[in-house]
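Work through the exercises below with the sequence and the 3D structure at hand. Try each task before reading its solution.

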Amino acid sequence: MNDAHATRPRSAEGPGWYVDDRCTDCDVARQLAPGLIGVAGGRSVITRQPAGEEEERQLHAAAFACHTRSIRTSAGRLDPGLDPFPLALDDTVYLCGHNSPHTAAANSYLLRRPSGALMMIDTPRWSERLAARFEGIGPVTDVLLTHRDHAAHGLRYAGRFGARLWIHEGDLAAAPGADRVLRGTEAVEIADGVVAHPLPGHTEGSVLYVADERYCFSGDSFYWSRSANDVEVAESVTWYSIRELAASLARTAGRLRFEWLLPGHGDRMVLPAAVMAEKMRGLTARARRMEPRPIDFTAVRW
């Protein structure tokens, strides 16, 4: 880590927490410390210093998730003992944290199965220490890749765990060592209660994984937008085809049932299944009207 960045904080708060100038506006920190980290000039900034232990915990979560390690404190290096990851979102799903610069800062998750085994959905940055922490919760039997952009560490984690590695044939070039290859556009039950829904659009091989008709791991196909207060498609960073994504949603959305939306990028949300179904119908209708756009990361509505 180049501590020269520590001398150029973006926050004007003075001593305490700040965001250095490597921030890429990925939104991860703002998801984990809302009200403490905001946005200004296309970058995250500390909006105020924490008041109390809970807010300190939120900032530590943001710091240990940040893919550029830009969330810092003038007190010095972060204490590894305050690393909260993997962070339980409920009794079934954990947020891995430690987002990777090689997966465009994507969020990744652990899904606990009734047997006590775990599935990893996309991956954090590679770390033997992290792998050991994950195994402390339970054996990891499968690594599920939602698409090519999040595949960078898949083979390494799968090899470390002795796990099966899943990807769709459309994105197989990003993980040629995968031993489980999804094909076509039909939904496939890949484990008891876990269904893979191929959803070409963001990339040719994008996949949703839905577990127990409760959890939807959507990769980069759609996400919860705080500004829109709705489920959204990042149409300005749809690499393959927005029209294919619209067709995929029209084919698939009506068959989906879930309460938790758990994307790779963008915010998470929990709503009753009937409300999520209505949100997905609205997204499907809007997607039909979308036209191809030039790639523009700054146009994403977080």
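Helices and strands here are DSSP runs, at least four residues long for a helix and at least two for a strand, and they are numbered from the N terminus. The model is predicted.

**Exercise 1. Backbone angles**

Solution. Step 3: most residues other than glycine have a negative phi. Step 4: buried means under 20% relative accessible area.

Task: Find where Arg 69 lies and give its phi.

Solution. Step 1: the loop between helix H2 (53-65) and S4 contains Arg 69. Step 2: phi of Arg 69 is near 55 degrees, a positive value in a residue other than glycine.

Task: Which form, cis or trans, does the peptide bond from Phe 85 to Pro 86 take?

Solution. Step 1: omega of this bond, from Phe 85 to Pro 86, is near 0 degrees, and the bond is cis. Step 2: most peptide bonds are trans. Step 3: Pro 86 belongs to the loop between strand S4 (71-73) and strand S5 (87-88).

**Exercise 2. Salt bridges**

Task: How many salt bridges does the structure hold?

Solution. The structure holds 26 salt bridges. The next tasks take some of them in turn.

Task: Describe the pair Arg 48 and Glu 55 by distance and by the accessibility of each partner.

Solution. Step 1: a salt bridge needs a side-chain nitrogen of Lys or Arg within 4 Å of a carboxyl oxygen of Asp or Glu. Step 2: for Arg 48 and Glu 55 the N to O distance is 2.7 Å, and their side chains meet in a salt bridge. Step 3: Arg 48 has a relative accessible area of 35% and is therefore partly exposed. Step 4: Glu 55 is at 16% relative accessibility, so Glu 55 counts as buried.

Task: Describe the pair Arg 22 and Asp 20.

Solution. Step 1: Arg 22 and Asp 20 form a salt bridge in which the closest N and O atoms are 2.5 Å apart. Step 2: both Arg 22 and Asp 20 are buried.

Task: Why are Glu 278 and Arg 281 separated by about one helical turn?

Solution. Step 1: Glu 278 and Arg 281 are three residues apart in helix H6, and therefore about one helical turn separates them. Step 2: the two form a salt bridge, with 2.7 Å between the closest N and O atoms. Step 3: Glu 278 is at 46% relative accessibility and so counts as partly exposed. Step 4: Arg 281, at 49%, also counts as partly exposed. Step 5: elsewhere, salt bridges with shared partners link Asp 25, Asp 27, Arg 30, Arg 226 and Asp 267 into one network.

**Exercise 3. Pocket and cavities**

Task: Give the volume of the largest pocket and describe its lining.

Solution. Step 1: the largest pocket holds about 490 Å³ of space. Step 2: its lining is made of 23 residues, and Val 237, His 265, Phe 297, Val 300 and Trp 302 lie nearest its centre. Step 3: sorted by class, this lining has eleven nonpolar, nine polar and three charged residues.

Task: How many cavities of 30 Å³ or more does the structure hold, and what lines them?

Solution. Step 1: there are two cavities of 30 Å³ or more. Step 2: the largest cavity has about 70 Å³ of space, and its lining includes Cys 23, Asp 27, His 67 and Ile 71. Step 3: six nonpolar, five polar and one charged residues form that lining. Step 4: the second largest cavity has about 30 Å³ of space; among the residues that line it are Leu 256, Arg 257, Phe 258 and Met 276. Step 5: by class, its lining has seven nonpolar, no polar and one charged residues. Step 6: Met 276 lies in helix H6 and, with a relative accessible area of 1%, is buried.

**Exercise 4. A surface patch**

Task: Which residues make the nonpolar surface patch?

Solution. Step 1: Trp 239, Ile 295 and Phe 297 make this patch, which covers about 340 Å². Step 2: Ile 295 is found in the segment after helix H6 (273-288). Step 3: its relative accessibility is 38%, so Ile 295 counts as partly exposed.

Definitions and conventions. Residues numbered from 1 in each chain as written. Predicted model: local features only at pLDDT ≥ 70, side-chain atom pairs only at ≥ 80, totals over all residues. Heavy atoms only, no water. Patch = residues over 30% accessible without salt bridge, like charges linked within 9 Å, V, L, I, M, F, W, Y side chains within 5 Å. Areas by Shrake-Rupley, 256 points an atom, 1.4 Å probe, with all protein chains shown as cover. Buried < 20%, exposed > 50% of the residue type's maximum accessible area, 1.4 Å probe, protein only. 1 Å grid on protein atoms, 1.4 Å probe; cavity = no way out; pocket = protein on both sides within 12 Å on 5 of 7 lines; lining within 4 Å. Points joined across faces, edges and corners; volume = space filled by probe spheres on them. Nonpolar A, V, L, I, M, F, W, Y, C, P; charged D, E, K, R; others polar.
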